[in-house]
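Let's walk through this model together, starting from a single side chain and working towards the helices. Please keep the viewer open as you read.

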Amino acid sequence: MMRDCPLGSPTECHGHYKRGQFGIWSPESFTHPAKMSPDLAFRILSHLEELGLLRRGMTILDPMCGVGTTLLTAAIRGYRTVGIEIEGKFVSMARANAERLKNRGFEAPIEIIQGDARDPTRLLAHCDCAITSPPYLTG
């Protein structure tokens, strides 16, 4: 059970976008239409750690990394990260966000690859866990 989840259940948490965004995104990143909530990403990581499924030194893959939120939050917690993003403008934003984080003193490796994540098989062999926020349908 997630101790800091308002409702006491990791499957029933709400309000992740109402809290601050931890200052991890560049201003341009706010143009992405479906950003992962940093608060939610931190909670997912905490929950996986509590379950013993994540331990320091592991590598996390986000196969649809967008502006890199999952990568950034995992790097803040000390994990190596690999992200895949198909759209060049979001790859640029994710790389800029990773650089911003590095400039703030977080040295965990963040690798961002421009590519199609529909077949991440070769990357999964080098990662311990995959976490992603799936694309949203708008309209």
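Arg-118 is exposed, with a relative accessible area of 73%; here buried means under 20% relative accessible area, exposed over 50%, and partly exposed in between, with a 1.4 Å probe and protein chains only. Before going further, note that this is a predicted model, in which local features need pLDDT of at least 70, side-chain atom pairs count only at pLDDT 80 or more, and totals for chains, interfaces and linings use all residues. Residues are numbered from 1 along each chain as its sequence is written, and side-chain values use heavy atoms, leaving out hydrogens and water.

The partner of Arg-118 is Asp-116, and their side chains form a salt bridge with an N to O distance of 2.5 Å. A salt bridge here is a side-chain nitrogen of Lys or Arg within 4 Å of a carboxyl oxygen of Asp or Glu. Asp-116 itself is partly exposed, at a relative accessible area of 38%. By this rule, the count comes to 4 salt bridges.

Now turn to Glu-49, which is buried, with a relative accessible area of 19%. Glu-49 pairs with Arg-77 in a salt bridge whose closest N and O atoms are 2.5 Å apart. This pair links distant parts of the chain: Glu-49 belongs to helix α1, while Arg-77 sits in the loop between α2 and β2 (80-85), 28 residues apart. Arg-77 is partly exposed, at 22% relative accessible area. Glu-49 also meets the side chain of Arg-56 in a salt bridge, at 2.8 Å from N to O, and Arg-56 is exposed, with a relative accessible area of 53%.

How do helices α1 and α2 pack? Helix α1 covers residues 38-50 and helix α2 residues 69-76, and they pack at an angle of about 50° with their axes 9 Å apart. Helices (H or I, at least four residues) and strands (E, at least two) are DSSP runs, numbered from the N terminus. The axes are lines fitted to C-alpha atoms, for helices over the stretch in contact, and angles run from 0 to 180 degrees between N-to-C directions. The two helices are therefore oblique to each other, since angles under 35 degrees count as roughly parallel, over 145 as roughly antiparallel, 65 to 115 as roughly perpendicular and the rest as oblique. On the α1 side, the contact (heavy atoms within 4.5 Å) is made by Pro-38, Ala-41, Phe-42 and Leu-45, and on the α2 side by Thr-69, Thr-70, Thr-73, Ala-74 and Ile-76.
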